[in-house]
Amino acid sequence: MKKVLIVLNPCAGTRQANRYLAEIIDIFCKADYQVSVATTGKSGDGTVIARERAHEFDLIVGIGGDGTFNEVVAGVLEAEADVPLGYIPAGSTNDFANSMGLSTKILQAAEDIVSGEPKTLDIGTFNGRFFSYVASFGAFTRASYEAPQSIKNALGHLAYILEGIKDIPSLAPLEVRVNMENGVYGGKYLFGAVCNSTSVGGLLTLSEEQVDMNDGKFEVLLIKSPGNIIELNQIIFALSTGNYNNCKLISFFSSGDLEIEAPEDMPWSLDGEYQEGNEKIHIKNIKSAIKLITKNNR
């Protein structure tokens, strides 16, 4: 009999996954799995659980938001375990899950895991810390980890927009220099994201043609600080239409290895969780780092 470890964040989103736990377990039991369940109590627990127990199981399933999945991924990679992962999204925005086409219906997501196939995916490192789909700084970044959970639950993506808009008037331009394989970008930026996803916080949307989540490269978006209302409107128009390359204030390119120089006190967000800044940051793509179970039609 196969063995599955379910890592549940009972506080994620509206806590709806808790109500379905017995039915989730039943789905895996009927698929001939012996089921073990571990719950997280604080930030980092998912990583510890996955790291310590990864080698005991044939499958590890994370239930929670993107932060929960981030922790499970980190634990499996730290354990150097060749075990496939499942993800039942139960957070507020579920950007990573949306990029992968995973169902946000709890029981359907469980069914898709037991009937699906493993798909290899890239994972990133930020000065050694793993992240699943995005490292970002600047406007809207703080909202991803500071917006109250109750507001996130009620407003979803809109919560991030509202919190981020409050940041903009007081946000000083950030002096950042980005070195990558084919060149150097530098200047005063309002926002930056290094991502492997078609959606970032519900704010940025990339087409599936622009994003290959298993090509060894990230999509990098840098937005320079606007000097006036006209330039701000140009940025908003480019973001809303997805025509990033038609705005002189936006740089959009792909890279698998980035060296970034930034203010030491500039905070980052990794998969929606706080990350302390550093003057020297190395972001690297690890190609085909994990195997995620997805629906057969993807």
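Cysteine 11 has a relative accessibility of 42% and therefore counts as partly exposed, where buried means under 20% relative accessible area, exposed over 50%, and partly exposed in between, with a 1.4 Å probe and protein chains only. Cysteine 29 likewise counts as partly exposed, because its relative accessibility is 41%. A disulfide is a covalent bond between the sulfur atoms of two cysteines; the structure holds zero disulfides, taken here as pairs of cysteine sulfur atoms within 2.5 Å.

This is a predicted model, in which local features need pLDDT of at least 70 and side-chain atom pairs count only at pLDDT 80 or more, while totals for chains, interfaces and linings use all residues. Residues are numbered from 1 along each chain as its sequence is written, and side-chain values use heavy atoms, with hydrogens and water left out.

The protein chain has ten helices and 17 strands, which are DSSP runs numbered from the N terminus (H or I of at least four residues for helices, E of at least two for strands). Of its 298 residues, 51% count as buried. Among contacts (heavy atoms within 4.5 Å) with a separation of 6 or more, 74% are between residues 24 or more positions apart.

Helix H10, at residues 229-241, gives a detailed example. Which residues of H10 are buried? They are Glu231, Ile235 and Ala238, and they lie on the same side of H10 because they cover an arc of only 65° around the axis, the arc being that of the directions from the helix axis to the C-beta atoms. An α-helix has 3.6 residues a turn, so residues three or four places apart point the same way. On the other side of H10, Ile229, Ile230, Phe237 and Ser240 are exposed.

The cover over the buried residues of H10 includes strand S12 (218-224) and strand S13 (250-255). Serine 251 is found in strand S13 and counts as buried because its relative accessibility is 16%; leaving aside residues up to four places away in sequence, serine 251 touches Tyr185, Val220, Leu221 and Leu222. Just after H10, glycine 242 takes a positive phi of about 80°.

The largest nonpolar core has 45 residues, of which Ile60, Leu85, Phe96 and Leu292 touch the most other members; such a core is a set of buried Ala, Val, Leu, Ile, Met, Phe, Trp, Tyr and Cys residues joined through side-chain atoms within 4.5 Å. Helix H4 (residues 66-79) supplies the largest share of this core, seven residues. Apart from this core lies another, of 22 residues, among them Tyr189, Leu258, Ile260 and Met266.

Alanine 289 lies in strand S17 (residues 280-294) and is partly exposed, because its relative accessible area is 23%. Although alanine 289 and valine 73 are 216 residues apart along the chain, their C-alpha atoms are separated by 9.4 Å. Not counting residues up to four places away in sequence, alanine 289 touches Leu77, Leu121, Asp122 and Ile123.
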